[in-house]
Amino acid sequence: MAVHSKFLALGTHNGTIHILDHAGNNIKTINPHNNTVNQISIDDSGDYIASCSDDGQIIITGLYSNENDQSKNFDRPIKAIALDPNFSKTGSGKHYVSGDDKLVLGEKNFLGRYKTYILHKGEGPIRNIKWKANFIAWANDKGVKIYDMILECRITNIPKDHGYRSDYYQCNLCWKDDRTLLVGWADLIKICVVRDKASPSEPNMPIRYVEINFLSPSLYLFLFLFFFFSFSLSLSLSLSLSLSLFLSLSFSLSLSFSLSLFFSLSLFLSFFFFSFSLFLSLFLFSLSFSLSLFLSLSLSFFLSLFLFLFLSFSLILKFLICILGVSQKIRGI
């Protein structure tokens, strides 16, 4: 599926592409392929869409004019395609890039014929391509690369940084603006910003580089659990103090007995909230290893319960002693 400000383009397994408005109404249906549509790309004006398929064909279709419609058969499945954002503009060259085991650039010459150039090859199948302004980003099994159409060279290699299979965990690419690429792959999010060098260190090196920042969901999970546990600890202390003061004033308990009751209650409640935090972290950690929902819940619950019972056993006994002491005071009253 490809999204434009004017419409959506949705590809199907039978080769059909549905053009929908943003309310989901079908505006137009085209049938460019006879097999699964793997990727769709739309130019910035919304006048042309490009699609690729397992049938080996690349089809460029004009929604309002067929002047620049193109069809090319590569005789092998094509997994990714991107259309020049300025494809509809006069003198743009009518470029497109496609990917199978090579990254291929198609360019329309002055005779109206397309000529292809290989921009990259030798690193496995290319599974996703995104084109924004002068930069083409693509993902293969090794990582993500960015090609500069002005410099006519590759300016960066963004490594994969995880061990998951690329066919199971596909890389998601999204250009936030003309120079900021968002890369979401498995459990990592990278923010990649193309910048100009103040002065090239070597004469043959590109004058641009890519600054990469990481956003890890695991870090946010850790921070969430840390603040949750801190809040839980404060809540436990507050509840324990309130309950201890209430029992002490109600039954005229001694200071040492009240302190003992307070610490018992606070530790008991702290262990409870800690075990609940552990349950959440184990549950999410189990899901990250693609375990089933039932297995993740069961494993997390029983491990957390075991830890809670183990830590709280002595405190439960002490708490019972405190309760017995309170009952004796009541009998004495």
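1. Phenylalanine 87 is buried in this predicted model. Its relative accessible area is 0%. The charged end of lysine 94 sits over the phenylalanine 87 ring, 5.5 Å from the ring centre.

2. By the ring-pair rule there are 4 aromatic pairs. One of them joins tyrosine 48 and phenylalanine 87 edge-to-face, with 5.1 Å centre to centre and 65° between the planes. This pair links distant parts of the chain, 39 residues apart. Tyrosine 48 lies in strand E6 (residues 48-53), and phenylalanine 87 in the loop between E9 and strand E10 (96-99). Tyrosine 48 has 6% relative accessibility, so it counts as buried.

3. Phenylalanine 135 and tryptophan 175 form a stacked pair: 6.2 Å centre to centre, 25° between the planes. Phenylalanine 135 is in strand E14 and tryptophan 175 in strand E17, 40 residues apart. Both residues are buried.

4. Another charge-over-ring contact involves lysine 72. Its charged end sits over the ring of phenylalanine 74, 5.3 Å from the centre.

5. Now the largest nonpolar core. It has 16 residues, and Val144, Ile146, Cys171, Leu173, Leu181 and Val183 touch the most other members. Strands E14 (135-139), E15 (143-148), E16 (153-159), E17, E18 (180-185) and E19 (188-196) each supply at least two residues of this core.

6. The largest pocket has a volume of about 480 Å³. It is lined by 21 residues, and Val3, Ser41, Ile42, Lys130 and Trp131 are the closest to its centre. The lining divides into 14 nonpolar, 3 polar and 4 charged residues. Strands E1 (2-3), E5 (37-42), E9 (80-83), E13 (128-132) and E17 (172-175) each supply at least two residues of the lining.

Methods. Residues numbered from 1 in each chain as written. Predicted model: local features only at pLDDT ≥ 70, side-chain atom pairs only at ≥ 80, totals over all residues. Heavy atoms only, no water. 1 Å grid on protein atoms, 1.4 Å probe; cavity = no way out; pocket = protein on both sides within 12 Å on 5 of 7 lines; lining within 4 Å. Points joined across faces, edges and corners; volume = space filled by probe spheres on them. Helix = DSSP H or I, 4+ residues; strand = E, 2+ residues; numbered from the N terminus. Nonpolar A, V, L, I, M, F, W, Y, C, P; charged D, E, K, R; others polar. Core = buried A, V, L, I, M, F, W, Y, C linked by side-chain atoms within 4.5 Å. Buried < 20%, exposed > 50% of the residue type's maximum accessible area, 1.4 Å probe, protein only. Phe/Tyr/Trp six-rings, centres within 6.5 Å; stacked < 30°, edge-to-face > 60°. Lys NZ or Arg CZ within 6 Å of the ring centre and 35° of its normal.
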